[in-house]
Amino acid sequence: MKLVFATNNLNKLAEVQKMLPNTIEVLSLNDINCFDEVEETEITLEGNAKLKANYITQKFGYNCFADDTGLEVDSLEGKPGVFSARFAGEPSNSEKNMQKLLSELEKKEDRKAQFRTAICLNIDKHQYIFEGICKGEILKEKNGEKGFGYDPIFKPAGYEISFAEMTSEEKNKISHRGLAIQKLVEFLKDFKN
């Protein structure tokens, strides 16, 4: 089965390819000659995932899936949420995003947060949504060199290390994206074309 993953983020693409079985060939946007930047204009993660998946299906005719992920911090009323990638403004910059978040949390005791991923799958004219959540907390400083985005400052619940200190295999077992992809994989195993 061929599925397009509607992302330009090579880190996400590599992470997802490791998790899917060999029976599913994941095509990148480059593979289908899509160089369009789909603007994420919706106010929810699910809305943005649908927007991207629908764009690829309608314009290129492929079965595809798209995701959107947000970091939701309790003491910031769920921010940065849907704006996580551009929290510190355009262009998107992980380092600036982390510094802004750490600065906003400087005087706050409550550092509880969660990563949430919504995946929209468009397959054979049907649409399905999968969600993954990983609860944890925001550290006071960066730890680790692996991963991407907010990984160096996010410590998942039940662990003493950040996402950026974990191997990709360790992270994929418990991460928001990992959990959502696991649901997608389980669904695709039972899916009959």
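**Reading contacts, salt bridges and cysteines**

Biologist: Which residues is Lys171 in contact with, leaving aside its neighbours within four places in sequence?

Modeller: Contact means heavy atoms within 4.5 Å. By that rule Lys171 touches Glu15, Phe148, Asp151, Phe163 and Met166, with neighbours within four places in sequence left aside. This is a predicted model: local features need pLDDT of at least 70, side-chain atom pairs count only at pLDDT 80 or more, and totals for chains, interfaces and linings use all residues. Residues are numbered from 1 along each chain as its sequence is written, and side-chain values use heavy atoms, with hydrogens and water left out.

Biologist: Where is the place of Lys171?

Modeller: Helices (H or I, at least four residues) and strands (E, at least two) are DSSP runs, numbered from the N terminus. Lys171 sits in helix 4, residues 168-174.

Biologist: Does Lys171 count as buried or exposed?

Modeller: Buried means under 20% relative accessible area, exposed over 50%, and partly exposed in between (1.4 Å probe, protein chains only). Lys171 has 4% relative accessibility, so it counts as buried.

Biologist: How many salt bridges does a search of the whole structure find?

Modeller: A salt bridge is a side-chain nitrogen of Lys or Arg within 4 Å of a carboxyl oxygen of Asp or Glu. The whole structure has 13 salt bridges. One of them joins the side chains of Asp36 and Lys59, at 2.7 Å from N to O. That pair links distant parts of the chain, 23 residues apart. Asp36 lies in the loop between strand 2 (25-27) and helix 2 (45-60), and Lys59 lies in helix 2. Asp36 is partly exposed, at 24% relative accessible area.

Biologist: Which side chain meets Arg86 in a salt bridge?

Modeller: That of Glu90, at 3.5 Å from N to O. Arg86 is partly exposed at 23%. Glu90 is exposed at 62%.

Biologist: What about Asp110?

Modeller: Asp110 forms a salt bridge with Lys112, at 3.6 Å from N to O. Asp110 is partly exposed at 30%, and Lys112 is partly exposed at 49%. Elsewhere, salt bridges that share partners join Glu40, Lys52, Arg86 and Glu90 into one network.

Biologist: How many disulfides are there?

Modeller: A disulfide is a covalent bond between the sulfur atoms of two cysteines. The rule here is a pair of cysteine sulfur atoms within 2.5 Å. The count is 0. For Cys34, the nearest cysteine sulfur is that of Cys64, 9.7 Å away.
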